[in-house]
Amino acid sequence: MSNPLRSLPSVHDLLETPALREVLLSHGQDRVAAAARAVIAESRRQLLAGNSAAGQAEIGVLAQRAAEQLATELQPRLREVINATGVILHTNLGRAPMAEEAANAAQSAARGYLNLELDLETGSRSNRQDAVRGWLRQLLGAESGTVVNNNAAATVLTLRALARDREVLVSRGELVEIGGSFRIPEIMAVSGARLREVGTTNITRISDFAAAITAEAAALLRVHTSNYRVIGHAETPTLAERVRLARQHGLLMIDDVGSGALLDFQTWGLSGEPQPRESLAAGADLVLFSGDKLLGGPQCGLIAGRAELISRIERDPLMRAFRVDKMTLAALEATLRIYAAGGPALSRLPLVQMVQTPLAVLQARAEWLADALRTYSHVVSAEAKQDVAFMGGGSLPSQSMPTWVVAVKVSGVSESELARRLRTRRPEVMPRVQEGQLLLDLRTVMESQLESLRQACYAAVAAG
Ligand SMILES: *Cc1c(COP(=O)(O)O)cnc(C)c1O
């Protein structure tokens, strides 16, 4: 009897096959040879274990296997995902999707050169912040503004530049934790400013602030309680009261508004999100907010307000560590230009599109998808129904809106297995699993993704 191991091809032979020659055009020789070696070794193990299934030693089959293995190994770890969770600012999915022109601006900045720190008129060096400063002035009525990596960095930098080794007064009702790692006492400690807690969890009066002011005080910090509310017997001073007190004592009033809505989202039923513009109008010296929450731009943190304070912040050595790159700046500028245009331009922001989509349109899409799935296979039950979608991004659960979902069941397949198939097969889909039900929420699925979503569902059903 012939020894089946003898028929195994050599690495050299494998590399000469059409399949691997093709791969060698785009991959390094070492990498391809390693894959060839690995499939041969695996085949040898199988043969020694007595598994001599047809093709185990066949050169074409092994070459194909090596090519597939390479493709899997080199597949990107960051992949596009269809968001069917109904959470619009889903932090795990990259928060706000950006407008087409913001994505294009980031792409052209990435691909080539741009006047990042160059005044095209004079040919001399400029400041990279100039590109967005003018837009911030115009949109927020601010004297000046600057951009760093995120709102956490904006807070650390502001406190460090303006209040290091001095006291910053914060209401005990506003000592927030947001997203697990942004905690006001810790942020304060990192900045070198000293936290002076004022009032109680539910009641802080302006007189509490007044009583806590000493010669050590540098600023009052208001923090928007983005992800919770104190209800019941609760009281907190208005921004105007705090501004007045700060002025009386020569202190700064710094307002961390969190999500930074440049629009009034109340139109769409989302209440209580402070707007940076209003905060400055009420007299805050500086307002801090994120770029990738309700603004709908790239991840960044914006600081706007008095020019003299902004330049002190920009002179801090940490500014260099927190500065944003050219792609972020380009995407942010493009996003701010949409707000500057206003009117119909605003619906080019995916975030606005999502909250604006009429319920009847979502219903039609949900019914279309449910019909398609039921028709596709008799093992699928799919039901379109009304549900609730959320703004997310560290906002309150009450920041919600009506939506339509498709509840999907595949007989003999658990909802967690179905969810796993949807996440891991192409195109990747992140569904919502709620009370043991797998839901596909149409509020966060863009119109251009509907067909892909249908295909993804077919693939997940067929996979069993
Ligand atoms: C989200 C949030 C932050 C943190 O912002 P990042 O941009 O995620 O760093 C800080 N403060 C408030 C009030 C927030 O809501």
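**The ligand site**

Analyst: In this predicted model, a polar side-chain atom of Ser 226 lies 2.6 Å from an oxygen atom of the ligand. Arg 95 also takes part through its side chain. One of its N or O atoms there is 2.9 Å from a ligand oxygen. Asn 151 uses its backbone instead: an N or O atom of that backbone lies 2.9 Å from an oxygen atom of the ligand.

Next, the cover. On its own, the ligand has 380 Å² of accessible area, and the protein covers 93% of it. The space that the ligand takes is the largest pocket. Two elements, α7 (151-163) and β9 (252-258), each give two or more residues to the shell around the ligand.

Now the shell itself. Ser 226, Arg 95 and Asn 151 belong to it, and the other residues around the ligand are Asn 150, Ala 152, Ile 178, Phe 182, His 224, Asp 256, Gly 258, Ser 290 and Lys 293. By class, the shell has 6 polar, 3 charged and 3 nonpolar residues.

Last, the wider chain. It is divided into three parts: domain 1 (8-73), domain 2 (81-91 + 354-462) and domain 3 (100-347). Taken over C-alpha atoms, the centres of domain 1 and domain 2 are separated by 39 Å.

Note on methods: Residues are numbered from 1 along each chain as its sequence is written. This is a predicted model: local features need pLDDT of at least 70, side-chain atom pairs count only at pLDDT 80 or more; totals for chains, interfaces and linings use all residues. Side-chain values use heavy atoms; hydrogens and water are left out. A residue is near a molecule or strand if one of its heavy atoms lies within 4 Å of it. A polar contact is a pair of N or O atoms within 3.5 Å; within protein, one must be able to donate a hydrogen and the other to accept it, and residues adjacent in sequence count only if both atoms are side-chain atoms. Accessible areas come from the Shrake-Rupley method with a 1.4 Å probe; for residues, only the protein chains shown count as cover. On a 1 Å grid over the protein atoms alone, a cavity is a set of points where a 1.4 Å probe fits but cannot get out, and a pocket is an open set with protein on both sides within 12 Å along at least five of seven lines; lining residues have an atom within 4 Å of a point. A molecule sits in a cavity or pocket if more than half of its atoms lie within 2 Å of its grid points. Helices (H or I, at least four residues) and strands (E, at least two) are DSSP runs, numbered from the N terminus. Ala, Val, Leu, Ile, Met, Phe, Trp, Tyr, Cys and Pro count as nonpolar, Asp, Glu, Lys and Arg as charged, and the others, Gly among them, as polar. Domain bounds come from an automatic or database domain assignment.
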